[in-house]
Amino acid sequence: MPAAVSDLELLLRRTFGYASFRPLQREICEATLAGRDVFALLPTGGGKSLCFQIPALARGGLTVVVSPLIALMKDQVDQLQASGVAATFLNSTLDADEARSRLRGLHRHEYRLLYVAPERLMLEGWVENLKQWNVTCIAIDEAHCVSEWGHDFRPEYRQLAKLRESLPEVPMMALTATATARVRTDIVTHLKLREPAVFVASFNRPNLTYRVVPKDQPLKQIITFVGRREQDSGIIYCASRAAAERVAEALAGRGFPARPYHAGLDAAERGRNQEQFLRDDTRIICATIAFGMGINKPNVRWIIHHDLPKNIEGYYQETGRAGRDGLPGDCLLLFSAGDIAKQTHFLDEMTDARERDVARAQLRQIVHYAESSGCRRAELLAYFGETFPLDNCGACDNCLEPRETYDGTIVAQKFLSCIYRIAQNSRFGVGLNHIIEVLTGADTEKIRRWGHDRLTTYGIGGELSRPQWAAVGRELMRLGYVTVAEGEFATLELTTEGMNLLRTRQPVTLTKPLDLPKAKRAPARREGDIACDEILFARLRVLRKQLADERRVPAYIVFGDNTLRAMARYYPESPAQMEGIPGLGEKKRAEFGEVFAAAIAEYLTTNGRMAFD
């Protein structure tokens with residue numbers, strides 16, 4: 001029988017220390033406890049894990065959690081065990097004796113949750129094990145890995161559909177933090193979910209601030225950014241291994257604790273660098289996209305993209321690793337036209353035409369996002385089919401410091417006319433670069449061969465540089481006047497709206513390109529911020545680190561920053577006064593309550609209490 005709602009809330013409070021569920025968590029728990037298959041899409045930091053952890057405690061039996069990364073398994077099991085939950089994992093990091101010990105525990109029904117990689121579930125004999133272990137739910141985390149249309153497709157995830165045949169009565173749950181409508185359909189189909197209860201939460205991460213700035217001496221830009229946030233953890237994403245190494249060395253050379261992470265490092269060094277980051281011994285990781293999926297570090301305060309991401313889904317997923325604890329996070333993207341050219345060159349070398357077309361379309365979307373003058377939050381949500389209800393989010397560069405506009409009627413007419421004249425003269429379309437070469441009067445072999453030096457639009461665009469014309473062209477695409485034709489070559493065509501504009505010569509307002517930002521402070525109050533006694537908070541962080549190091553676990557396994565900030569706001573001087581502090585379940589209060597209360601009481605002997613609104 002499903003647990004009553006009050007029982008679920010009791011489990012949430014006693015085990016994990018939270019007074020209420022986040023949006024959709026309770027509904028998801030109720031659906032799976034009723035025996036239904038579930039598809040759940042919750043944003044990073046939206047509390048996906050609790051959606052299968054709470055039911056696992058409520059219904060008994062064993063919940064099997066399919067997880068793609070070894071680091072994530074250990075991380076989540078450590079957190080569960082710290083909260084008093086019987087959980088374990090099985091993967092290649094265990095020696096034979098330890099693996100056998102855990103298998104014996106599973107046969108004796110000692111665990112409520114088992115974390116395992118998809119490949120292991122497909123090994124011979126595992127289905128028989130699952131049948132003996134009283135499996136009551138199979139939860140598939142990072143379920144977008146099932147879909148070829150997802151940003152992180154993993155072929156081994158496709159094999160999970162076999163579990164439906166082997167364990168037909170066991171309800172399945174698919175969870176992901178990012179998936180377009182097409183990917184959602186793919187997940188449900190390939191996992192053979194039966195009339196699943198579907199839950200799609202808002203993609204909005206209100207505690208994150210998004211900024212895009214022109215890339216100009218990126219190492220200097222990064223050092224300035226990090227220098228203002230010396231106590232905070234962050235991730236710098238780079239397009240190449242060489243860039244990740246270069247940025248890490250530059251930061252380390254200036255005294256910042258930074259380490260690289262990429263597939264070119266041996267497994268031991270990768271693991272060591274990741275462990276140092278999780279334990280706050282290293283505050284900065286400079287990484288390729290190999291890093292981060294499933295990394296459950298809640299106190300990442302900022303994300304920098306040193307290079308343009310390949311697609312919006314990847315960008316959303318990577319920025320989503322900031323502020324998982326609900327406290328504020330900053331996301332900075334360094335953008336240059338050179339990055340577009342590099343990625344276009346890589347795409348041109350792809351041999352699979354279908355993959356190349358998809359990748360080109362994805363690149364256009366992320367360039368559109370980077371150059372847009374509209375609300376960044378609204379742009380991201382629109383990609384996932386969600387409408388942001390406000391005109392101004394108050395937490396992105398374009399809303400905080402709107403870009404200047406100008407009368408772009410003449411340059412728009414020149415650009416549109418050039419596309420029209422080339423199509424009229426040659427009966428075929430050309431790409432953005434060729435149109436810019438015609439406008440700027442370039443002397444190329446193609447222009448001479450095709451006679452485009454005889455067009456009336458040849459050389460009429462000398463007032464703008466090539467990069468400026470490229471920005472104009474991309475904005476006209478965003479505004480819907482120009483489109484990219486389907487097919488092997490990314491040729492430009494006028495839309496119906498573009499033809500109308502060319503004929504009517506209506507005024508066109510364009511946005512000035514991104515400028516380098518002036519030094520401005522972040523807003524005083526931000527979504528998710530918990531005002532507190534910052535000196536006490538710093539002392540409690542030191543205490544937390546000591547306790548975590550003694551136990552050889554990351555600091556957030558003891559308490560998250562939101563728990564410490566609440567303590568530094570309300571000054572509890574005894575475990576009894578800690579009732580209602582978020583993230584403080586019964587086991588953690590019993591284990592750590594006295595020592596933190598004593599530290600707060602000692603602090604108050606020489607410091608007064610601060611008052612907060």
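# Cavity and salt bridges in a predicted model

Colleague: How many cavities of 30 Å³ or more does the count come to?
Modeller: This is a predicted model, in which local features need pLDDT of at least 70, side-chain atom pairs count only at pLDDT 80 or more, and totals for chains, interfaces and linings use all residues. Residues are numbered from 1 along each chain as its sequence is written, and side-chain values use heavy atoms, with hydrogens and water left out. A cavity is a set of points on a 1 Å grid over the protein atoms alone where a 1.4 Å probe fits but cannot get out. With volume taken as the space filled by probe spheres set on the points, the count of cavities of 30 Å³ or more is one.

Colleague: Which helix gives the largest share of the lining of the largest cavity?
Modeller: Lining residues have an atom within 4 Å of a point; here they are F203, N204, R205, Y210, Y316, R377, L380 and L381. Helices are DSSP runs (H or I, at least four residues), numbered from the N terminus. The largest share, three residues, comes from residues 376-383, helix α17.

Colleague: How many salt bridges does the count come to?
Modeller: Side chains of opposite charge can pair when their charged atoms come close. A salt bridge is a side-chain nitrogen of Lys or Arg within 4 Å of a carboxyl oxygen of Asp or Glu. By this rule the count is 36.

Colleague: How many residues apart in sequence are the parts tied together by R158 and D186?
Modeller: The side chains of R158 and D186 form a salt bridge at 3.8 Å, N to O. R158 lies in helix α8 (residues 155-158) and D186 in helix α10 (residues 181-190), so the pair ties together parts whose separation in sequence is 28 residues.

Colleague: Is D186 buried or exposed?
Modeller: Buried means under 20% relative accessible area, exposed over 50%, and partly exposed in between (1.4 Å probe, protein chains only). R158, at 23%, counts as partly exposed. D186 has a relative accessible area of 14%, so D186 is buried.

Colleague: Where does E371, the salt-bridge partner of R474, lie?
Modeller: The closest N and O atoms of R474 and E371 are 2.6 Å apart. The pair links distant parts of the chain, 103 residues apart: R474 is in helix α22 (residues 466-478), and E371 is in helix α16 (residues 353-371).

Colleague: Which residues do salt bridges that share partners join into one network?
Modeller: R301 and D325 meet in a salt bridge of 2.9 Å, N to O. R301 is buried at 11%, and D325 is buried at 8%. Through shared partners, the network consists of R301, D325, R544 and D561.

Definitions and conventions
On a 1 Å grid over the protein atoms alone, a cavity is a set of points where a 1.4 Å probe fits but cannot get out, and a pocket is an open set with protein on both sides within 12 Å along at least five of seven lines; lining residues have an atom within 4 Å of a point. Helices (H or I, at least four residues) and strands (E, at least two) are DSSP runs, numbered from the N terminus.
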